[in-house]
Amino acid sequence: MQLDTLWQFMQVDMEADGFENRMRQSPNRQKLIKARDFLKDQQANMKKLESDVAVMQDRLEAVQDEAERLEKSLAKLSEEIEANSPANVEDAQKQAESVQKLLDTLTRYEQELQKMRKDADVKDRQQKEIRVRAAKTKQEFDQLKVEYDKEFKADTVKLQKMRAHTDEEAKKVDAGLLEKYKSIKQHCTPPMAKLVNGQCSGCFMSLPSATLLEIRNGSRIVECDNCGRILYDAGE
Ligand SMILES: [Zn+2]
């Protein structure tokens, strides 16, 4: 009976597919992917921090230059005031105001510089933390990779054997039937379902008695109207 051999074939085919799925879901593989993603994130964080620090450095230098320039102006102004005492109260007041203005600006710059240095320290610490964390993860990744490579190699050999077995079994199946199986498998797996109590055991739809009769007779290959699986009467 054609469907018996197809059913036999499906058992080994599903076993191989299941094994391949388990390979893909291997805990070591999942851990490796997680570690790799984490490292990528850390690289991105590091890049962001580096560009932030570069911008900050530019700003810091600019403010420092500006503060230096102001200090010089202030010194010059003080010298002038000392050299020529103000002629009257009004002039004296104006001079005092100019000095105060310069001092205020300088104070603001000093505050900004202080804040930027603090920020730079924070970013520096963050960079160090990232480096330490990334190095630790990289080490774990490398160890895991060695382990996983071994596992993968062994599993691949096993899978190849299973696939070879599947190919052997496939030779026993009618070529047209195998094509049908493969095309159903693309949207529905497993592609065959047993007939149980007049129902498709893939989707549990009850089948009309005319269809049941056709399956029993084996007069043609019948697919479930609902799920599209090839219906198999194991004669149980
Ligand atoms: Zn069905």
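Predicted model: local features only at pLDDT ≥ 70, side-chain atom pairs only at ≥ 80, totals over all residues.
Which loop holds Pro190? The views below answer this and more.

View 1. Local features need pLDDT of at least 70, side-chain atom pairs count only at pLDDT 80 or more, and totals for chains, interfaces and linings use all residues. Residues are numbered from 1 along each chain as its sequence is written. Helices (H or I, at least four residues) and strands (E, at least two) are DSSP runs, numbered from the N terminus. From that end, the order is α-α-α-α-β-β-α-β. The C-alpha trace spans about 125 × 40 × 25 Å along its principal axes.

**View 2. Pro190 lies in the loop between α4 (175–185) and β1 (192–196).** The peptide bond from Thr189 to Pro190 is cis. Its omega is near 0 degrees.

**View 3. Asn197 sits in the loop between β1 and β2 (199–200).** Its phi is positive, about 50 degrees, although Asn197 is not a glycine. Is Asn197 buried or exposed? Asn197 counts as exposed because it has 7 C-beta neighbours inside 10 Å. The cut-offs count other C-beta atoms within 10 Å of a residue's own: 20 or more is buried, 12 or fewer is exposed, and in between is partly exposed; C-beta atoms are placed from the backbone.

**View 4. Phe204 is found in the loop between β2 and α5 (209–217).** Phe204 is not a glycine, yet its phi is positive, near 65 degrees. Phe204 has 13 C-beta neighbours inside 10 Å, so it counts as partly exposed. Across the chain, 8% of the 236 residues count as buried.
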